[in-house]
Structures are given as structure tokens and as C-alpha cells.
Amino acid sequence: MNPAEGPSWHCLTIAVPPALAEVVSAWCFALGSCGLQVEEGGERWRLQAYFAAEHELTRICQELDEELEGIGLPGARLGADHIGFEDWEQEWRRFFQPVWATPRIIIHPSWTPVTTGPDQVAVVIDPKMAFGTGGHESTQLCLEFLDQLLSPGDRCLDLGTGSGILGIAAGLLGAGLLTLVDTDPLALDNTRENLERNQVEAQVLQGSIDAVGGNEYDLVLANIQSSVLVPILAPVAQLLRAGGRVIFSGLLAREEEVFAAAVVAAGLQVLAVRRRTDWIALAAQMG
Ligand code: SAH
């Protein structure tokens with residue numbers, strides 16, 4: 001990256017039948033996409049997946065092409081473009097609008113200020129290379145559960161923090177100890193910036209669940225995806241105090257049954273499931 005120009009991105013364009021749009025989006029996120037735009041209409045929707053330029057484009061294209069071929073969509077990837085910082089900012093400014101995620105939690109970019117009531121918190125997120133602007137269903141479902149389940153002073157862990165959105169919302173709602181974790185160092189750069197913007201203090205750790213040690217949590221937030229979450233359910237459960245809660249998101253509706261069974265097998269009790277379009281979030285409790 002040339003610092004004079006600012007960061008830049010790859011943009012992959014994929015033409016997908018509407019029924020497969022969610023699954024292809026989930027793959028893009030799994031491959032490290034920090035944001036997606038979907039243009040609906042016609043037999044094929046146009047999906048644009050953005051990746052920070054630091055990601056290796058050839059590998060992403062290769063893996064995505066293999067997945068697309070596997071579901072009978074060879075050639076669905078139309079192209080890969082390079083997006084400079086100025087184009088990107090313009091794009092974001094055009095389509096990143098404030099999100100009233102719950103009656104209490106509002107997410108907005110710094111360039112669109114919002115007015116809040118006495119019981120509301122406004123989370124300022126300036127999107128860069130990390131996922132988490134509040135526009136995605138998986139984030140919104142998490143915020144709804146967070147609003148419902150967080151008590152002031154709760155010790156919170158946000159696993160897969162991306163832009164920091166969930167952890168910052170928890171902090172503004174009165175969480176006590178706050179730990180924000182992500183495997184992606186680029187996401188953590190954005191997490192730190194957003195923490196500062198919101199004047200929220202947190203411990204920021206790079207890595208997965210093994211990076212977190214020593215603390216016990218009242219509430220864990222994990223908006224990642226089931227293939228990542230299932231293998232780490234037991235260590236996540238171990239970090240919860242008795243009666244502590246965990247919110248899992250990034251799950252597709254069709255994964256609900258299998259995921260809920262894995263949660264129970266890890267010693268947790270399922271409390272509730274929230275659903276929006278093809279996405280679900282599941283809240284569970286340590287016995
Ligand atoms: N919490 C944000 C971002 C979710 S995107 C929101 O709700 O909008 C998922 C994030 O999880 C990405 O930033 C990705 O880098 C991170 N991630 C993926 N696997 C992980 C793992 N095993 N441990 C921690 N973070 C992980």
C-alpha cells in the first residue's frame with residue numbers, strides 16, 4: 001500500500017441465482033471479505049465482495065472458483081477489480097447509512113451524525129477493512145440479543161470482533177471488563193480506531209479463543225460462522241461463569257438443528273433463537 005493513497009481493495013463480482021446468494025456470501029466472508037453488496041433482480045443477482053488489498057487475490061479467486069464449481073456455478077465469478085481508497089470511500093458514503101439496530105442501539109458512520117435520546121447509545125463505526133457496519137443480519141441479530149441480555153458491569157468477550165461493533169456497543173451499554181478478539185490483524189487496526197472514536201476501553205487480542213485466558217465472562221458474543229464456532233464450543237463454554245450467557249451468530253437457518261445439538265453437547269443450554277431472512281442467532285447459557 002502506498003500510504004499517500006491510503007488502503008485499497010479487491011472487488012470480486014459474482015452472478016448468483018437468488019437462492020444461492022446467502023451461501024456464496026457466507027463463503028466470501030469465510031475467505032476474509034470485509035463487506036458485500038448485493039444487487040437483487042432477475043435470475044442472477046450481482047454480488048460484489050470486497051477484500052482488503054493485503055489479501056492474496058489469486059488464492060481467494062481459486063478457492064471461490066472451486067466452491068462455485070462445486071455447486072454447479074462454474075464461471076459465476078465475473079471479474080476482479082482493484083478499488084482505490086477514493087472510490088471506496090465514495091462507495092461507502094453512498095451506502096453506509098445509520099442503522100437503528102434496536103430501540104436503544106444506533107450504529108452510524110462519523111460522517112452521518114445522529115441524535116440520540118436519553119436511553120440510547122450511538123456506536124460510531126467508520127468502516128475500513130473490517131466486517132461489521134451493522135448492515136448485516138448476523139450483526140443485527142447479535143445486537144438485539146445483546147440489548148436484551150447485557151446487564152451493567154457484565155464482563156464481556158467479543159470473539160471475531162471485526163470492526164469492534166458488538167464489543168463497543170456492549171461497552172457503551174455499561175459492560176465491565178471488555179475483551180475484543182480477532183484472528184485478523186487488519187480487522188484489529190480498525191477495532192482500535194473505532195474503540196478510540198467511541199471512547200471505549202477494552203483489551204484487544206489477536207488470535208482465536210486460545211488467545212483468551214485467565215478471565216471468566218458473564219457474556220460472550222461470537223458472530224463468526226458455524227464451521228469456525230462448532231470446534232471451539234467447549235473452550236468458549238469454559239470461559240463462562242455459571243449462569244453466564246453466549247450469543248452465537250453468523251449461522252444459516254438451515255444449520256440451526258445441528259448447531260443447537262453441538263451447543264448442548266458442549267454443556268450449554270439453548271435459551272432462544274432469533275431469525276432474519278436466512279440468518280439466525282442463538283443465545284445459550286452455562287448451566
Ligand atoms: N463482530 C462483527 C464482525 C463479524 S465478522 C459483527 O458482528 O459484525 C467475523 C470476524 O471473525 C472476522 O473479523 C474474522 O476475521 C473473525 N474470525 C474468524 N475466525 C475467527 C476465530 N477463529 N477467532 C477469532 N476471530 C475469528
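A: Helices α4 and α5 run roughly parallel to each other. This is a predicted model, so every value here is computed from it. The angle between the two helices is about 20 degrees, and their axes lie 10 Å apart. An angle under 35 degrees counts as roughly parallel, which is why this pair gets that label. The crossing of α4 and α5 is right-handed. α5 covers residues 165–172, while α4 covers 137–149.

Which residues of α4 and α5 meet? From α4 come Thr139, Cys142, Leu143 and Leu146. From α5 come Ile165, Leu166, Ala169 and Ala170.

Now turn to another helix pair. The axes of α1 and α2 come within 11 Å and cross at roughly 155 degrees. An angle over 145 degrees counts as roughly antiparallel, so that label applies to α1 and α2. The crossing of α1 and α2 is right-handed. On the α1 side, the contact uses Val24, Trp27 and Cys28. On the α2 side, Leu64, Glu67 and Leu68 take part. α2 itself covers residues 57–70.

Is α1 mostly covered or mostly open? It is mostly covered, with nine of its ten residues buried. The buried residues of α1 include Val24, Trp27 and Cys28, and these three also take part in the contact with α2. Ala21, Glu22, Val23, Ser25, Ala26 and Phe29 of α1 are buried too. After α1 comes Gly32, which has a positive phi near 110 degrees.

Next come the rings. How many aromatic pairs are there? The count is two. Phe29 has a relative accessible area of 17%, so it counts as buried. Phe131 has 24% and is partly exposed.

The second pair is made by Phe248 and Phe259. It is edge-to-face as well, with 5.3 Å from centre to centre and 75 degrees between the planes. Phe248 is in strand β12 and Phe259 is in helix α9, eleven residues apart. β12 spans residues 240–252, and α9 spans 256–265.

The charged end of Arg274 sits over the ring of Phe145. The distance to the ring centre is 5.0 Å.

Finally, some loops. Glu43 lies in the loop between β2 (35–39) and β3 (45–52). Is Glu43 buried or exposed? With a relative accessible area of 73%, Glu43 is exposed. Even so, Glu43 touches Val16, Pro17 and Pro18, leaving aside residues up to four places away in sequence. Glu43 and Val16 are 27 residues apart along the chain, and their C-alpha atoms are separated by 8.1 Å.

The loop between α6 and β10 holds Gln199 and Glu201. Phi of Gln199 is near 55 degrees, a positive value in a residue other than glycine. Gln199 counts as exposed, at 73% relative accessibility. Glu201 is exposed as well, at 73%. Glu201 is 29 residues from Val230 in sequence, and their C-alpha atoms are 29 Å apart.

Thr277 is found in the loop between β13 (268–276) and β14 (279–286). Thr277 has a positive phi of about 40 degrees, though it is not a glycine. At 57% relative accessibility, Thr277 counts as exposed.

Methods
Residues are numbered from 1 along each chain as its sequence is written. This is a predicted model: local features need pLDDT of at least 70, side-chain atom pairs count only at pLDDT 80 or more; totals for chains, interfaces and linings use all residues. Side-chain values use heavy atoms; hydrogens and water are left out. Rings of Phe, Tyr and Trp (its six-membered ring) pair if their centres lie within 6.5 Å; planes under 30 degrees apart count as stacked, over 60 as edge-to-face and the rest as tilted. Helices (H or I, at least four residues) and strands (E, at least two) are DSSP runs, numbered from the N terminus. Buried means under 20% relative accessible area, exposed over 50%, partly exposed in between (1.4 Å probe, protein chains only). A charge sits over a ring if NZ of Lys or CZ of Arg is within 6 Å of the ring centre and within 35 degrees of the ring normal. Axes are lines fitted to C-alpha atoms, for helices over the stretch in contact, and angles run from 0 to 180 degrees between N-to-C directions. Angles under 35 degrees count as roughly parallel, over 145 as roughly antiparallel, 65 to 115 as roughly perpendicular and the rest as oblique. A crossing is left-handed if the near helix is turned anticlockwise from the far one by less than a right angle, and right-handed if clockwise. Contact means heavy atoms within 4.5 Å.
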